[in-house]
Amino acid sequence: MAYHKGYIPFRALFIMLCFGMAKSLYTIPLKIFTGTFNSSLDLDLTPLKLIQASGNGLSLASDPAGIVNFLDMVTNLQGDSGRGYYMEMTLGTPGQKLNILVDTGSSNFAVAAAAHPFITHFFNTALSSTYQSTGRGVAVKYTQGNWEGELGTDHVRIPSIPGTPTINIATILSSNGFFLPGVNWQGILGLAYPLLAQPDSSVEPFFNSVVRQTGIPDVFSLQMCGAGLSDSTTADPAGGSLVMGGVEPTLYSGSMWYTPIKEEWYYQVEVLKLEVGDQNLNLDCKEYNQDKAIVDSGTTLLRLPVNVFNAVVEAISKTSLIQDFTSGFWGGTKLACWLKGETPWRFFPKLSIYLRATNNSQSFKISILPQLYIQPITDVDGRLDCFRFGISSSANGLVIGATVMEGFYVVFDRAEKRVGFAVSRCAVNGGLAVSEILGPFSSADVASDCAAGGLLKEPLLWVISYALMAVCAVVLLILLLLLSCRHRDQSGEITDESSLVRHRIK
């Protein structure tokens, strides 16, 4: 979950709209449902068995040192895109078990350390003999939700990882909009780079500590298996797999395609173009990478820069067999409902994202079918199935979130500075695959660096912002002193007409 962006789970209160389709292909009576919904409710081979991966590297069934067996990590995640994907971890001495949300868009390992109405339990630091407070405060703000707490360290036991590494832990003492109703996790596992760690990059992130202390390779991979599942389903959540130390070949089919990591803060990649159906949006490639383009498991939706989002909506509207869609559906404020048993997916095109390959002159495309971006949310009175649009606009860059990631097995190969995509074996709906990868394609028709000329990175922006604030504060102080001197009466006291009364800062 990137700072300044969607999810911790995407949340809103919507009016659910059922609407008719033009002409005679399919019709539904117009109906306004006055209820509400919450979209926050919107993963034994020999140690050296190898599999070829599209000429870009090798995938291992376990790491060469034999420290971990990746099959032991299969299905170690629970959850889905709406409620988040989480794994059970054990903290402290004696151990306390908590469910921890997996987030590749942040870098702090943070857990609830105080009671909250929406969580069942928390990490009680007083009961752990190995917990040590550093005395440093920490606060993290997301686009939706924030928390404050204190930094400390303690032992953390991770299933299938040997030993008990000592990890930097942010203990959450207060929060707002972070823990939500219906979620079953009590903390967040930030898997991004130190540059995003709060309060500064001296706080070593979780995975950096695990690699350094256990010796596993600096690679992890993620499979999220919630494709096409309703957020409101009462069935067991789909779950998935977080493989630490490498790649598990049984979790994907076909070849693994890699794209370079442009910068090591978020997992920033380079998007070359987007297609709706077979239609190229024909935007300047820098539009797709405005600010940044990242891969983030902590974001529910596919988030696109405003101009790109508008172009995608326009293209889908023209390509879709359904006419006169309400703008509320595209904007995420209304749901589209069909009679139960009917699904809307046949009316929508696939969506493709082209990523630069490790060979700079080539690209490959990852494609998702509408089963991934037209997402079931709830039913109404047992008669209607309602869906939301799984794409939203963003003011902070392009985010490849769970909407896309659920179609793929994604490898975060930090050692080789690249992110890999392969078709996930669990990306199936109704017996049909809902994702695909094709390539290579020539990238001669796009700029050599589509990410160039973007906005400054957030940490640097904060430094500049604080410096400007300091300058403004000094100037304001001088002005206030001059004005107060000008309005002093003979006794030297500030009068009611002084600037401190008439121009106080709100």
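Is Asp-218 buried or partly exposed? I looked this up at the outset and found Asp-218 partly exposed, with a relative accessible area of 23%, where buried means under 20% relative accessible area, exposed over 50%, and partly exposed in between (1.4 Å probe, protein chains only).

**Ground rules.** I note that this is a predicted model, in which local features need pLDDT of at least 70 and side-chain atom pairs count only at pLDDT 80 or more, while totals for chains, interfaces and linings use all residues. Residues are numbered from 1 along each chain as its sequence is written, and side-chain values use heavy atoms, with hydrogens and water left out.

**Overall make-up.** I recorded 8 helices and 33 strands in the protein; helices (H or I, at least four residues) and strands (E, at least two) are DSSP runs, numbered from the N terminus. Of the 506 residues, 53% are buried. The protein exposes about 21,000 Å², with carbon and sulfur atoms supplying 55% of it; accessible areas come from the Shrake-Rupley method with a 1.4 Å probe, and for residues only the protein chains shown count as cover.

**Salt bridges.** I counted a salt bridge where a side-chain nitrogen of Lys or Arg is within 4 Å of a carboxyl oxygen of Asp or Glu, and the structure holds 14 of them. I then went back to Asp-218, whose side chain meets that of Arg-414 in a salt bridge (2.7 Å, N to O). Arg-414 lies in the loop between strand S29 (408-413) and strand S30 (418-424), and Asp-218 in the loop between helix H1 (206-214) and strand S13 (219-224), so the pair ties together parts that are 196 residues apart in sequence. Arg-414, at 5% relative accessibility, counts as buried, whereas Asp-218 is partly exposed.

I next looked up Glu-270 and Arg-356, whose side chains form a salt bridge at 2.8 Å, N to O. This pair links distant parts of the chain, 86 residues apart, with Glu-270 in the loop between strand S17 (267-268) and strand S18 (271-276) and Arg-356 in strand S23 (residues 351-356). Both Glu-270 and Arg-356 are buried, and they belong to a network of salt bridges that also links Lys-262 and Asp-449.

Glu-436 is in strand S33 (residues 435-442) and Lys-350 in the loop between strand S22 (334-339) and S23, 86 residues apart. Glu-436 is partly exposed at a relative accessible area of 25%, and Lys-350, at 24% relative accessibility, counts as partly exposed too.

**Disulfides.** I took a disulfide as a pair of cysteine sulfur atoms within 2.5 Å, and found 3 in the structure. With bonded cysteines counted along the chain, they follow the pattern 1-5, 2-6, 3-4.

- Cys-225 and Cys-426 have their sulfur atoms 2.2 Å apart, and the link is left-handed, with -90° about the S-S bond. Cys-225 lies in the loop between S13 and strand S14 (240-244) and Cys-426 in the loop between S30 and strand S31 (428-429), so the pair ties together parts that are 201 residues apart in sequence.
- Cys-285 and Cys-450 have their sulfur atoms 2.1 Å apart, and the torsion about the S-S bond is about -95°, so this disulfide is left-handed. Cys-285 sits in helix H2 (residues 285-288) and Cys-450 in the loop between S33 and H7, 165 residues apart.
- Cys-337 is joined to Cys-386 (S to S 2.0 Å), and the torsion of about 105° makes this disulfide right-handed. Cys-337 is in strand S22 and Cys-386 in strand S26 (residues 384-389), 49 residues apart; Cys-337 is buried with a relative accessible area of 0%, and Cys-386 is buried with 1%.

**Cores.** I used nonpolar core for a set of buried Ala, Val, Leu, Ile, Met, Phe, Trp, Tyr and Cys residues joined through side-chain atoms within 4.5 Å. The largest has 109 residues, and those with the most contacts inside it include Met-89, Phe-206 and Phe-421. Helix H3 (residues 306-319) gives the most to this core, with 7 residues. Apart from it lies another core of 21 residues, among them Ala-112, Val-183, Trp-185 and Ala-197.
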